[in-house]
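User: I am new to this structure. Please show me how to read its features, one at a time.

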Amino acid sequence: MFRRLGLSVYPDSSVFEEDLAYITFAKSQGFERIFMSMLEVTQGKRVVAEKFSKLISVAKKLGYEVILDIAPNIFDELQISYDDLSFFAELGADGLRLDAGFDGNKEATLSFNPYGLIIELNMSNDVAYLDNILTYQANEPYIYGCHNFYPQEGSALPFDFFVSCSKRFKKHGIRTAAFVSSQVATGGPWDINDGLPTLELHRHLPVEVQAKHLFATGLIDDVIIGNAYASEAELEALGNINRYQIELTVDFLSTANPIEREIVLDNQHFRRGDITSQMVRSTQVRKDYKLENPLHDNQQIFQFGDVVVGNDDFGKYKNELQIILEPHTDSRKNKVAQIQENELMLLDYIQPWTKFRFKQ
C-alpha cells in the first residue's frame, strides 16, 4: 500500500489565510491528506458549513484527501443524524473519522453511505472492534483506521500497545494512520497542547524521526502531523524522508576518506540473509570497490550504531560495510561514521534482506 504524509488543521479556531498558506506549502513538499477537526465546533450549522466548505474546497483543488474528525456531540450541535451524512458530503469531505464507536453494525452500514464517504475508525484500542465491524459485512475499501493523538505529556500510547492495536487493522489490509508531533506548533483541538503524537516515545523527537519510525514498523500507511502549524523546515524534512525504506542519518568522522564516504552514501545497501547478531553486514559493496583502503580509527571498541568499513588488512572483506550491533574490537575495520542517536531505534527494523540507505 502506498504511503502518504498528512497534516492537521483546526478551522474553528484558526484563520483561513493562515490555513491556506500552510496547506499550500505542505502540498509543495508532497503532503497528500488533511485531518480536519470538527471536535471543537460550537457555532451554528450555517457558519460551520461556510467555514469548513471554503477550506475544503481549496484543499481539494490542491489535490488533498480530506477527512473530518467528528464525535457524537457534533451531530447534536449541528442537529444532523448519523443516518444522513449529506451535510458532510456537501462540505466536500472525502471521509469521516469516528472518534467514538457504535455496535459494529452501525459502522458497517455507514460504510455503504450513498456519498462514497470513507469511514475512518479509531485504532487506539486493543479490542476486536474492527473484527466486529467486518463481521457485519462492511464495505472494506471505504474503511480506514487512524490512531488517536494525545495532548497531555505522558498520556500517549506505549509502543508495545501501539503495535498490538495496529496489527488488528493491518492484518486485514486496512489503510492505517498515526500522528507525529511538530516541535514548534502550538495549535490543536484543546487548551492543553504538550504536542500531539500517537506514541509517547515520539513526543520530543524531531518530526522526521517520528515519521521514519512509524513507516519502519510497517504498520502505518499515513503519517499525519497532529498539531498546527509545523514549521517550513519540518515540512521540508518530512517531505524529504524515504517512505519505503530505512534511511539512516550519519555523522562522519573527519578521517573518513572519499571512498568510504562514497561506499556509505552512494549505494543501495541490504542486510545479508544469513544474519549475525554482532553487526549488520552489507557485503555487495566489497565486490564493487576493490580500491585500497588504508587503516585509520581501527583501535577503539566499536559501539552500537557505529558504521565501519573493512580496511586493507581485511583481505576479501576489504570495503565491506557494517553497522555495529554489539560492542567489539577488530583492527581490520575502520570506523567512518556514527548513526545519529535518535535514529538508533531504527536498527531494530533492519532484518534479513532489509534494504537501507544512509544520508548526512
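Predicted model: local features only at pLDDT ≥ 70, side-chain atom pairs only at ≥ 80, totals over all residues.

Analyst: Start with Cys165, which counts as buried at 0% relative accessibility. Cys146 is buried too, also with a relative accessible area of 0%.

User: How many disulfides does the structure hold?

Analyst: The general idea comes first. A disulfide is a covalent bond between the sulfur atoms of two cysteines. This structure holds zero disulfides.

User: Now the rings. How many aromatic pairs are there?

Analyst: A pair of aromatic rings is described by the distance of the centres and the angle of the planes. Searching the whole structure gives 12 aromatic pairs. Take Tyr82 and Phe102: the centres are 4.6 Å apart, the planes are at 80°, and the pair is edge-to-face.

User: Which parts does the pair of Tyr82 and Phe102 tie together?

Analyst: Tyr82 sits in the loop between helix 3 (72–78) and helix 4 (86–91). Phe102 sits in the loop between strand 4 (95–98) and helix 5 (105–110), so the pair ties together parts 20 residues apart in sequence. Tyr82 is buried, at 14% relative accessible area. Phe102 is partly exposed, at 32%.

User: What is the geometry of the pair of Phe149 and Phe179?

Analyst: The ring centres of Phe149 and Phe179 are 4.8 Å apart and the planes meet at 65°, so this pair is edge-to-face. Phe149 lies in the loop between strand 6 (143–146) and helix 7 (159–170), and Phe179 in strand 7 (residues 175–180), so the pair ties together parts 30 residues apart in sequence. Both residues are buried.

User: Which rings do ring pairs link into a cluster?

Analyst: The cluster consists of Phe75, Tyr82, Phe87, Phe88 and Phe102. Charges can also sit over rings. Lys54 lies over the face of Phe16, 4.2 Å from the ring centre. Arg175 lies over the face of Phe2, at 4.5 Å from the ring centre.

User: How do I read a helix? Which residues of helix 9 are buried?

Analyst: An α-helix has 3.6 residues a turn, so residues three or four places apart point the same way. In helix 9 (residues 232–239), the buried residues include Glu234, Leu235 and Leu238. Down the axis of helix 9, its buried residues fall within an arc of 100°, so they line one face. Their cover includes strand 1 (4–9), helix 1 (16–28), helix 8 (207–217) and strand 8 (222–225).

User: Which residues in the largest nonpolar core touch the most other members?

Analyst: Met38, Leu68 and Phe88 do, in a core of 76 residues. Helix 2 (residues 45–62) gives the most to this core, with five residues. Beyond its neighbours within four places in sequence, Leu68 contacts residues including Met36, Met38, Phe52, Ile56 and Phe88. Another core, of 25 residues, lies apart; among them are Leu248, Ile263, Val264 and Tyr349.

User: One last residue. Where is Gly273?

Analyst: Gly273 is in the loop between strand 10 (269–270) and strand 11 (279–282). Gly273 is partly exposed, with a relative accessible area of 24%. Not counting residues up to four places away in sequence, Gly273 touches Pro352 and Trp353. Gly273 and Lys167 are 25 Å apart, C-alpha to C-alpha, and 106 residues apart in sequence.

Notes
Residues numbered from 1 in each chain as written. Heavy atoms only, no water. Phe/Tyr/Trp six-rings, centres within 6.5 Å; stacked < 30°, edge-to-face > 60°. Helix = DSSP H or I, 4+ residues; strand = E, 2+ residues; numbered from the N terminus. Buried < 20%, exposed > 50% of the residue type's maximum accessible area, 1.4 Å probe, protein only. Lys NZ or Arg CZ within 6 Å of the ring centre and 35° of its normal. Arc of directions from axis to C-beta. Contact = heavy atoms within 4.5 Å. Disulfide = S-S within 2.5 Å. Core = buried A, V, L, I, M, F, W, Y, C linked by side-chain atoms within 4.5 Å.
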